[in-house]
Amino acid sequence: VALMGGTITVDSEPGRGSTFAFTAQFGRRSHPPELNAAESGVMGRGATQLYNLPVLIIDDNATNCHILEVWLRSWQMEPVAVGDGVAAMDTLWDAATRGRPFPLVLLDARMPDTDGLVLAAKIRKRPELSATRIILLTSGDMPSNLGRLRELRIDAHLLKPAQQDELLETIYQVM
């Protein structure tokens, strides 16, 4: 706040809580700044590769799904979210039979109805889904059996909560 030419105040009363306030000086640019490729996100490198990319999010946590959907939409992708393994396989199969298989899946490693690796194995058993890339999202520790990830052709894995820039970079890498 001080670096922005402002001040910060606090009003606190025991048993009632605290209120913080600040002021800051913001200048107005005469014209919008030019973005370089790194700052422009999906409109930088790989933009055509990721623009309108269908992505299936498989996660039983509605909040996680919502966050991922917002991020993917902001990068001009087309996310679809499902909350369990049965819905995931139905959605993947339906898209494949319509001739538009999902090129990318963001897969939660731990769901109540199925383990993410078991679901990845089911995906890999279907020749129609063989080109689908899988990013495994894990809570807690990273999977200890990296050989199993290679065997299932898991393209990448990230520790949740993944950072926005880390996820985008991983999507660039696997696509």
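A salt bridge is a side-chain nitrogen of Lys or Arg within 4 Å of a carboxyl oxygen of Asp or Glu. I kept this definition at hand while reading the structure, which is a predicted model.

**Entry 1: salt bridges**

I found that the structure holds seven salt bridges. I looked up D94 and R98 and noted that their side chains meet in one of them, at 3.2 Å from N to O. D94 is partly exposed, with a relative accessible area of 40%, whereas R98 is exposed at 54%.

I then turned to D155 and R124, whose closest N and O atoms are 3.5 Å apart in a salt bridge. This pair links distant parts of the chain, 31 residues apart: D155 lies in the loop between α5 (146-151) and β7, and R124 in helix α4. D155 is partly exposed at 36% relative accessible area. R124, at 13% relative accessibility, counts as buried, because the limit for that class is under 20%.

**Entry 2: K160 and its surroundings**

I asked myself which side chain meets that of K160 in a salt bridge at 3.1 Å. It is the side chain of D59. The two residues are 101 positions apart, with K160 in the loop between β7 and α6 and D59 in the loop between β3 and α2. Both are buried: K160 has a relative accessible area of 18%, and D59 has 3%. I also recorded that D59, D108 and K160 are linked in a network of salt bridges.

P161 lies in the loop between β7 (156-159) and α6 (164-174).

**Entry 3: positive phi values**

I reminded myself that most residues other than glycine have a negative phi, and most peptide bonds are trans. I then noted N52, whose phi is near 60°; N52 is found in the loop between α1 (47-50) and β3. Q76 has a positive phi of about 70° and lies in the loop between α2 (62-74) and β4 (78-82). N52 is partly exposed at 35% relative accessibility, and Q76 is partly exposed at 31%.

**Entry 4: nonpolar residues, inside and outside**

I looked up the largest nonpolar core, which has 24 residues; I58, L92, L107 and L119 have the most contacts inside it. Among the elements that give two or more residues to this core are β3 (54-58), α3 (85-97) and β5 (104-108). A second, separate core of 23 residues includes I135, A156, L167 and Y172.

On the surface, I found a nonpolar patch formed by V1, I8 and F22, with about 310 Å² of accessible area together. F22 belongs to strand β2 (residues 17-22) and is exposed, at 55% relative accessible area.

Notes
Residues numbered from 1 in each chain as written. Predicted model: local features only at pLDDT ≥ 70, side-chain atom pairs only at ≥ 80, totals over all residues. Heavy atoms only, no water. Core = buried A, V, L, I, M, F, W, Y, C linked by side-chain atoms within 4.5 Å. Buried < 20%, exposed > 50% of the residue type's maximum accessible area, 1.4 Å probe, protein only. Helix = DSSP H or I, 4+ residues; strand = E, 2+ residues; numbered from the N terminus. Patch = residues over 30% accessible without salt bridge, like charges linked within 9 Å, V, L, I, M, F, W, Y side chains within 5 Å. Areas by Shrake-Rupley, 256 points an atom, 1.4 Å probe, with all protein chains shown as cover.
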